[in-house]
Each structure stands twice: as structure tokens, then as C-alpha cells.
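Here's a quick tour of the charged pairs and the nonpolar core in this protein. Have a look at the model before reading on.

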Amino acid sequence: AMEPAYYRRAAREYFAGRVHADAFAGGTDRARLRARVLPTPSADDRSRDPDDGEGEPVAEVLRSAAPRAALIARPGGGKTTTLLQHALALAEDDGGPLPVYVQLRDLDGGYTDLEQLIVESMQQVVPEATRKDLTDGAWALLLDGVNERVEKGDPFARLLANFPRTRMVFTTREPSAHFGQQIELLPLAAADRDALIAAWIPAQAAALQQRLAADARLGELSRTPLLLALLCDTTRGGLEPASTRAALIRASLERHAVRYAEKVRTDARAPGRVDGWLAALAHGMLRRGALRIDLADAADIVRVAPRAPVDPEDSLRHLTKFHLLALSGLDVVEFVHPLIQEFYAAQHLRGVGSLPDRRTLIREYVNSTLWTEPLRLFAEECDEPTIATHLVDATRDVDAILAARLVGSFPAQLQPALLA
């Protein structure tokens, strides 16, 4: 081995600390994420079925992965958690390479800056490490956040070519074959999700598990590890799982705003302004009938939002670090989950203070299936009888059954008058 025993011990302590500080501290040993290796274009067609099983524990997949691999998942899908766990596993293996975790959102420049960032990350474990140490293949580079870099361009092809003996794992939101073997992180299975809830909030686990089982939309949202973490954090903080869907999402997003501020530090935008931008964007996208939108069009929507940023496009790129928005390589923006978009769209309607006239409300909202859930989320937090009656009457003109369901979303004290 290239390093004395104390280097290995330092690596174990360093990565144990990073894992402990991660969102899933305390639950990682009992609820593991699962993954599958994506087939190559030349593979047998039968191996391409996206439903060909529930995958394998991601730790096992990474243990047997090719020397060069990409770990793929949507924002909040568990990429950082997985990479830190993998780093700790490598540090505990006396016969394997020494791991170095590289946070790519700290990369502001091109290839030279990338090399410098890698060396600085190596020195967090081995203070005397140099660039030359990379050439002997005794390290494993774990490069987190290909999509979180500020600069465009690809410095990674040169990195791969310059250090052919060094193992590398990249995390990315989209498949990218030039990184090597493609490993897809799968959404949490129900059993793994429930095991994680039990490990994380044992006292409140049963109540949250029951709520997620009974609410299909919340249950789907909870398959994204970050969003499940927020729900658990909210429940631990005292909010009853039986609360309305809107209340659970609101409290989760408030907890996330705290994490965002801690993560981004001095570069963080004020949470109140961020909420206004996201609400305007969600509303504007649904008005256009879109779940995905070009970055330039998204910037046009945010430009006229309350307390709009000076540079909307730059602010939207920044908000991908907030992990509620995702930005693809084609500069297409989408929310991390449709339910988050629906919640923010409802908040925009609440912020306006009144609903459109009856004709506009029917034509542009009630008649669109994309607005069914946002209107229900709006109703859950509406305590104004006049507005509630206006919305229910407009909905009843279109669909009496839909109107009856909508009535059930309003606070209990408003429902008798709405039914009458």
C-alpha cells in the first residue's frame, strides 16, 4: 500500500465524520439505497427493461463496479450519501485504494483548477499528498456533482486520460457514457423507505409510515431520499403526520431552507425571495401546461416575480444547488418532484390574494388536469369563505364530482356551507 496505517486510519475517521453529518446519519446501516447497472447500447434487449427487478444494494454494486463509473440519480436521489458511504467502505478496506472525496460545486474553472481541487481534497486526508501521488493508482477519486459546477465545458475527459490507473466514480444527474460504467440509483422501495423511517424517527415512525401508505402522492414523493429526509425531519420537529399535505410540504420546505443556508452560506439567497421566485415559476409553468421548461423561458417568468432577481438566469442556476430545481445539460428546468411544483403553484395563487374571475378560473385552471392537485393544495390552506365558495362554484360548473372532492380539501369549518 502507498500509505502507512495512520493514513488509512485518518481516512476512516474523516469519512466516518462526513457520513455521520449526512442527512441519513443513524439510518444508513438499516436502510440502503439500491442501484442497477445500465446496459450498454450493444447489450441484449432483454436487459434493457427498466422494471427488471428492484436492483441490488448500491454498496454491492459499487464494490464490483468498473474502475471508471458514473452514479446517476435525480437531485435529492442520494448521490452524495452514497458516495460518502462508498468512501468510508474504501477507507475500511486495508487492501484497496485510499478514497478522496471531491466536491465539484467548489470548482470554478477548467482542468488546472480541477487538479488543484483534487490535490486539496487529498490533503484533507494525507497532508503531504501531491499531484504526483495520483499517477500510481493508489487513490480512488470520488467526484461529486458533475452538474453542480458553475463553469461549462468538460475538464473530465483530460482527467480520465491523464490518470489511467486511478479509479474514479462521478455523480451526475444524467447518463454520460464517457465517464465509464453507468450505475443508476433507484427510488427508495417501500420496505427500504419504511426501514429508514424506523431507524431515523423510531417514536413517530408508525404514524408517518401509515400516512405515506394512505396518500399515494406523498408516498411517491417519499421515494426520493432527500424529500423523505425532509418529511422525517419535519415529523421529528413536532408536526403530526396526519396534518394536511400542504402543511407537511410547507414545513418540509422550511426545514430545507435552513439546510440550504447552511450549505451555500454567504452565497445564499433570502428564503422569502426564493419562495416567491419558485412560486411564480411553478405557476407560470403550469399556466403554459409544462412540467419542464427552457431556462430562458423560466428566466422570463422569474423576471416579473415579486422582488425579482437582477439576473434571473443566474439565480435559477444557483437554485439548482437548492435541490428543488433540476437543470439538465440542455438547459431545461424542472422541479425535483411534481408535488413540489404543485405546492408552489398553489402558493402563488395564495400570494395574489384573490382568484381570477369565474370564466378565467374555469378556462385556465379548473379545465386543466395539471391544476387539479394545486387547487386542492390551495384549498387546504384557504380559510376565506368567499374565495372558497367562488372556487367550488366554478368547479361545480365543470364537474360535480371534482367539486365534491375539492370541498373535502377545505378546512372542516368551511365544508358544511360549501356542500350546501
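Buried means under 20% relative accessible area, exposed means over 50%, and partly exposed is in between (1.4 Å probe, protein chains only). This is a predicted model, so local features need pLDDT of at least 70 and side-chain atom pairs count only at pLDDT 80 or more, while totals for chains, interfaces and linings use all residues. Residues are numbered from 1 along each chain as its sequence is written, and side-chain values use heavy atoms, leaving out hydrogens and water.

Let's start with the charges. Counting a salt bridge as a side-chain nitrogen of Lys or Arg within 4 Å of a carboxyl oxygen of Asp or Glu, the total is 24. Here are three of them:

| Pair | Closest N to O |
|---|---|
| R131 and E115 | 2.8 Å |
| E342 and R217 | 3.1 Å |

E342 sits in helix α14 (residues 338–352) and R217 in helix α8 (residues 216–221), so their bridge ties together parts 125 residues apart in sequence. Helices here are DSSP runs (H or I, at least four residues), numbered from the N terminus. E342 is buried at 11% relative accessible area, and R217 also counts as buried, at 18%. Shared partners join R211, D215, R245, E373 and R376 into one salt-bridge network.

Now for the greasy part. A nonpolar core is a set of buried Ala, Val, Leu, Ile, Met, Phe, Trp, Tyr and Cys residues joined through side-chain atoms within 4.5 Å. The largest has 125 residues, and L143, L281, Y344 and F410 touch the most other members. Helix α11 (residues 271–287) gives the most to this core, with nine residues.

How values were computed. Helices (H or I, at least four residues) and strands (E, at least two) are DSSP runs, numbered from the N terminus.
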